[in-house]
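Hello,

Here is the model you asked for, with the sequence alongside. My notes on what was found are below it.

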Amino acid sequence: MKPTTASQCARLLAHFKKGGTITSFEAYKRFKITQLSARITDLEMRGAVIARAWETNNGKRYVRYSMGVKA
């Protein structure tokens with residue numbers, strides 16, 4: 001994993017552990033992450049459980065990610 005990717009994953013994980021949620025737009029605005037779904041996959045491959053919730057705003061659908069709970 002590249003240092004930039006590892007850094008982005010670390011920031012996302014810290015955000016989730018504080019109870020935060022995030023969308024692709026918010027990830028870019030807050031952390032300058034352009035490939036949020038790839039970073040989510042990286043976190044999941046490292047054992048993190050990430051929940052997804054579909055939302056709609058002004059006719060646009062998007063996913064809001066948060067820290068999930070293992071079943």
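There are zero aromatic pairs in the structure, where a pair needs ring centres of Phe, Tyr or Trp (its six-membered ring) within 6.5 Å. This is a predicted model, in which local features need pLDDT of at least 70 and side-chain atom pairs count only at pLDDT 80 or more, while totals for chains, interfaces and linings use all residues. Residues are numbered from 1 along each chain as its sequence is written, and side-chain values use heavy atoms, with hydrogens and water left out.

Two charges do sit over rings (NZ of Lys or CZ of Arg within 6 Å of the ring centre and within 35 degrees of the ring normal). K32 has its charged end over the ring of Y28, 5.3 Å from the centre. R61 is over the face of W54, 4.5 Å from the ring centre.

W54 also stands opposite V63 in β3. Strand β3 (residues 60-67) runs antiparallel to β2, and eight bridges join them; strands pair if DSSP finds at least two bridges between them. The open sheet has three strands in the order β1-β3-β2, with antiparallel pairing. Its edge strands, β1 and β2 (50-57), each pair on one side only.

Helix α3 (residues 36-45) lies across β1, β2 and β3, at about 155 degrees to β2 (angles run from 0 to 180 degrees between N-to-C directions of axes fitted to C-alpha atoms, for helices over the stretch in contact, with contact meaning heavy atoms within 4.5 Å). Helices (H or I, at least four residues) and strands (E, at least two) are DSSP runs, numbered from the N terminus.

On confidence, mean pLDDT (per residue, from 0 to 100) is 92 for the protein, and 94% of its residues reach 70 or more. Confidence is lowest in helix α1 (residues 3-17), with a mean of 90, and highest in strand β1 (residues 21-22), at 98.

Regards

Definitions and conventions. Rings of Phe, Tyr and Trp (its six-membered ring) pair if their centres lie within 6.5 Å; planes under 30 degrees apart count as stacked, over 60 as edge-to-face and the rest as tilted. pLDDT is the predictor's confidence in each residue, from 0 to 100.
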